Structure formats: structure tokens, C-alpha cells
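Trainee: I would like to go through the labels used for this structure and what each one rests on.
Mentor: Go ahead.

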Amino acid sequence: MITRIYSIIVGSIGIISCSTLVGSKDTAKPESATKITDGQQVSVSQLYNDTCSKCHGVNAEGGGGGTKSLINFDKYDQKWDKPFFDTIKNGAPNMGMEAYGQTMSEKAIWALVVHLRELQAKGLRAQFGSPKPSGGVYSSKRHNFRIETILDQSQGLKTPWAIDWLPDGKMLVTNLPGTMFIAEGSKVIGKIEGLPATATIGQGGLMDVAVHPDYANNGWIYIAYAEPKADDPKAGLTKIVRGKLKFTGKNAQWTGQQTVFEADQQFYTSAGIHFGSRIVFDGKGHVFFVVGERGGNMLAQELGNPFGKIYRTNEDGSIPADNPFAKQPGPKHVGAIWSYGHRNPQGLVIDLAGNLWDTEHAPRGGDEVNMIAKGSNYGWPVICFGINYNDSPFQVPWPTASQKMSMPTFRWLPSIGACGLDVVRGNAFPQWKGDLVAGGLSGQNVDRIRVSGDKLVEREELIQGMGRVRDVMTGPDGNIYVVLNQPDIVIRLAPAK
Ligand code: HEC
């Protein structure tokens, strides 16, 4: 029973949910209890420490009231999310744990699950550490590999964001402040001149680069960048263009630029967050890409607003007639929408079976791996596995029967800052073929994720702690290239015996 008043968080910096107070159940609870309602900004850590830690321990190590430690890999799994939630709500009456469903809102109960996941992650990392090489070789479940540095710090990358390759093996590397380098082997040999000016506001700048699969015949290169607003260079929005390279010696000139996608200028904003980007081709004449929700929260749910959407256009930017909202009236971006309710997808790929996947950032907890279906709503910010950055509850993750929303195949709890996604192709790692490889900025990790249909089959952390992961790409040689930030380098995973 909750008898004390929890601290109210003032001056919060996180996302505050637009929830309503739930008062109806209050009448059913005993007089003395203070119901933790949806609108109340409690600190989840404090709630846990005051209410749960006497039995479960401040670090979830257990020991009090007959509890077991939760610091084990079996219980650190998304299959326990709902059972944990149900136990907190309904209690474990035979074991001496009371039900908290009468005294806490569902959002607060979910936030406690997130807190337990954070404690588990911390405890497991302290106990088992990160993947470590032995004699230079990392052993993982299905393959051994080495880490090789391709572009080291002497190459002058500046917050590198994305890589792709020309058919002759040269690698293109974008840098967030607006430059693109050409690399060969382990050296930057030149740069691309004449690129469009970018709005370098916060997380925005020059982001993705994607070489058209038929580049040898058509010469198209696609880029995603934050375009400055015409009358305000401090505002911008993600724009997709394509252009061609005219080589003069080692450098190249960006020429013949065409716009593939831009939203109306009225939507350009000075918010420095959540630009999305990532460009993928389906090989059937379409291109997919992302505009993040720019801090707009509920705007991700509105088709009339370009934020928080995955888009599909024809390769020349025209709207395919079979797009889900092709005939819907509204601003010009509407016809290009493929799916909505996204927060900030910074990973996008089509797997070997032809399915489109994204990885996307949640707030504190609950980054997602989603199979993207035409016209679907991915729920942000109505349902979410995360909590607010300021340690207060946010939402519950599960939609109600009337809310038609798609659920992730996998969610990282705690968040990894999901960024960069590819599928393993080629023959360098035959036992990984077809698996997703996903990076994390704050998690500094690359995970391998195996799916069957839209179900998670296997997940494994391959590397961790080497830098913030911006991009993960299978190279033309089948090795897994990883673009790191802090340090600003490019490494690759290459097979080892
Ligand atoms: C009076 C002691 C006590 C308190 C207080 C208590 N629990 Fe429990 N809890 C237990 C026991 C005993 C079990 C069942 C044994 C076990 O799983 O360790 C349990 C089980 C659980 C489980 C399921 C664990 C599993 O392994 O499946 C979760 C999750 C949980 N408690 C969370 C909480 C949270 C969150 C709070 C605070 C709101 C809380 N508990 C408060 C004693 C307590």
C-alpha cells in the first residue's frame, strides 16, 4: 500500500505524456492509499526503491521476502515483459507480493518493468562484460570474426553518418557537417564537391548516401540531408535528392541533381532532433526513406504532417499509384507516405525475403525493430515501451482493441539508440546470411538479429563499447562494415577461423 507522496518532478526535460487522470478507480481503494495516477509525474527509481527494493533489492539482486535475483539472462528477455507487468499488477499472492493494480496506474506499473530491465542490463554487463577477443578473435554463436580498422582517425572523418560503395570498390562516406569523402582501401583519396548546403542543426546535416543498384548503367547516387528552410537557415527538414558524380582526378563534382522528396516549407522547423533519413531501393523501381518526428510527438499520427513517416516513391520521386494514401488530399508529402506513427527510424533495410524493416529510437527504453507494412501505424507516441527521460512513466506498450497499431518484432530495453541496419549478404558469413545486423549509438553495439516472418528467433550482441555506431553495412566483400562516431572511424567484422 502506498502511503507516502512521491516527489513531483518539476522542470522536466523529457516528453510528457498527454494523458488524462484516471480517477474512477480511486473510490475502490482504501482511504489511506495515494493512488499513483496517470498524470502524476513520479520518479520511477524512487517508486521502486520505496516500494519494491525491500524485497527485490535496489539492484534487482533479490534476497528479501523470498525473492530470487533477476540478474540472469533467462529473465532478461522480452518474453517476460507482459508476465512482469501482470505480476506487478496482480501480485504473487502465494509468494507474499501484493497486487499494485489498485494503487498504481498501468503506466507506472509498466515504468517499473522498464526500471527492472535497466537494472538487469546494468547487472548483467557488470557481471559478464562485453564481447572480448582472444588472440584477436571474437567467438560468437555461429561465426568467429576479427575486427579490422578500415579508415582510422588520421583520415579526418567528422561525425561520419553513412557509407556505400561504387561498383569499382570505392567507398563513399558522408560526414554530418555536410561533406562526403571518397575512400579506397584504407585511405580517403578525395571528396565530392558541389553538394547541396545542409542545415547543420543538432542531429541534422548530411545523412545517408545510397548508390543506385544499377549505378553502372544510370550513375545515380541518392542522398538524404537536412535542407535549410528558404528564408531561415536555422530551420530545416529531411530532403532526398539524387545526382551524378563527375570525376576530375581523385575528386568528383556533384552534378545533375534532381529532387526525389521534399515536404512543404511550412513544415521546416528549427527543432534539432529526429531527422530519420536512410534510403533503400526495392529493385522494383521504388525507393524508401524516412522523415523522423522532429520532436513533434502526436504529429507522427497525423497524415497531414510529414513528421514520423516512412515514405515510398518511384525512383524519380513520383508517387506510385498503389501507395496507401496516393489519392488522399493534403500537402504534397501525403501521397508518398508508406507507414506512420514512427519516432525516429535511423535504420531501414529490405531483407533477403523482400520484407522492409526499420530500427527506431524510442525515448528511455524500447527502441524497436519493426517489419514495415503498407499503410500501418507504428504507434508513436500513443503506445510505447519507453519511459520519459526524466524517469517518469510515459505510456503502456500495448494497444487497446480499438487502436490498430503494429507491434515491434523486437525491442531493446534499455534503449541502444538504434542507428544503422543491414542484412547479411554474400558469402563471408554463410551462417549469418539473411540475419539483420543493427547498430546502437548510446549502446555502442552491433547486434545480430534473426527473424522468421515477423517473429524474433535469435539475438546476439557481436561487439560493444568500441564507439557510437552510426551505420552498419554489408560490404561488397560480404564483411560487415561499421561506421563509428567517437572515435570517428570505419571498422569491419571479417571472418576468422
Ligand atoms: C514483500 C516482498 C515483495 C515486495 C514489496 C514486492 N515483491 Fe515482487 N515478488 C515478491 C516475491 C516473493 C515474488 C516471487 C518470487 C520471485 O519471483 O522472486 C515476486 C515476484 C515479482 C516479479 C516476477 C519475477 C519473476 O521472476 O518472474 C516481479 C516482476 C516483481 N515481483 C516486481 C515487483 C515490483 C516492481 C515491486 C514493487 C512495486 C514488487 N515486486 C514488490 C516479493 C515482493
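Trainee: Why is Gln155 called buried?
Mentor: Buried means under 20% relative accessible area, exposed over 50%, and partly exposed in between, with a 1.4 Å probe and protein chains only. Gln155 has 13%, so it is buried. This is a predicted model, in which local features need pLDDT of at least 70, side-chain atom pairs count only at pLDDT 80 or more, and totals for chains, interfaces and linings use all residues. Residues are numbered from 1 along each chain as its sequence is written, and side-chain values use heavy atoms, with hydrogens and water left out.

Trainee: Which residues does Gln155 touch, not counting those up to four places away in sequence?
Mentor: Phe181, Ser186, Lys187 and Val188; contact means heavy atoms within 4.5 Å.

Trainee: What makes the arrangement around the iron atom of the ligand octahedral?
Mentor: Six donors count as octahedral if opposite donors are over 155 degrees apart and all others between 65 and 115. The six donor atoms here subtend angles of 86 to 177°, so the arrangement is octahedral. Donors are N, O and S atoms within 2.8 Å of the metal (3.2 Å for Na, K and Ca); water is not among the atoms, so sites may look incomplete.

Trainee: Which protein donors does the iron atom have?
Mentor: His56 (NE2) and Met97 (SD), at 2.0 to 2.1 Å. His56 and Met97 are 41 residues apart and link distant parts of the chain.

Trainee: Is His56 buried or partly exposed?
Mentor: Its relative accessible area is 21%, so His56 is partly exposed.

Methods:
Tetrahedral: all angles 85-135°; square planar, octahedral: opposite > 155°, others 65-115°. Helix = DSSP H or I, 4+ residues; strand = E, 2+ residues; numbered from the N terminus.
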